[in-house]
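Thank you all for coming; I would like to walk through one model with you this morning, and I will begin by putting it on the screen.

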Amino acid sequence: MKFLVSIIILIFLQACKQKQQPIKITSMENTDAKNNPYYSRTDTTKLNVSNDEWKKILAPDLYAISREAATERAFTGKYNEFDEVGDYYCAVCGNHLFRSTSKFASSCGWPSFFEADKEGVYYKRDQTYGMDRVEVLCKRCDSHLGHVFDDGPKPTGLRYCMNSVSLEFVGDSQK
Ligand SMILES: [Zn+2]
């Protein structure tokens, strides 16, 4: 009888372990760019990767924003109030997108830039949600980054309204 009880306890403990483990492993894998074989800050070769494949590689919030054009909540992004000197790369593929010198303090709640790397982004008209906007996408991996508006500061008059999740900052001191 005692033996039977200990077997049951053992099975129960094992079941608990199994429930907890996958969550830990997934979150570690997804936040680590090393597990993304397409990520490179030097290779600018155009990528053609399916969303099924990206879903296996990217963290859930990055997948939702970059591949399904979701938007992070205003004032929650890590780069919204952030003014270090360096460069911003695509969090999906490593493509260069912005230099910190084009970032400005905007009250909109998302990191904002007045100029993008011309080799880094392209544009698409976006008429979803009853609005007429210009979507900004990564030239290398076609990921959604945010939108661009014409109410920005000089010299361009543009405001690139980006999702922090889609960006990865590398400071000049880290290079
Ligand atoms: Zn990209």
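This is a predicted model: local features need pLDDT of at least 70, side-chain atom pairs count only at pLDDT 80 or more; totals for chains, interfaces and linings use all residues.

Among contacts in the protein chain between residues at least 6 apart in sequence, what percentage join residues at least 24 apart? The figure is 55%, where two residues count as in contact if their C-beta atoms, placed from the backbone, lie within 7 Å. Residues are numbered from 1 along each chain as its sequence is written.

The protein chain has 3 helices and 9 strands, helices being DSSP runs of H or I with at least four residues and strands runs of E with at least two, numbered from the N terminus. From that end, the elements run α-α-α-β-β-β-β-β-β-β-β-β.

Turning to the sheet, 6 strands form an open, antiparallel arrangement in the order β3-β4-β8-β7-β6-β5, with pairing taken to require at least two DSSP bridges between two strands. Its edge strands, β3 (103-104) and β5 (121-126), each pair on one side only. Between β7 (residues 144-149) and β8 (residues 159-162) there are 4 bridges, and phenylalanine 149 stands opposite arginine 159 in β8.

Finally, asparagine 95 lies in the loop between β1 (86-90) and β2 (96-99). Asparagine 95 is buried because 24 other C-beta atoms lie within 10 Å, the cut-off for buried being 20 or more, with 12 or fewer called exposed and anything in between partly exposed. Residues touching asparagine 95 include Thr44, Tyr89 and Cys138.

How values were computed: Lists of a residue's contacts leave out its neighbours within four places in sequence.
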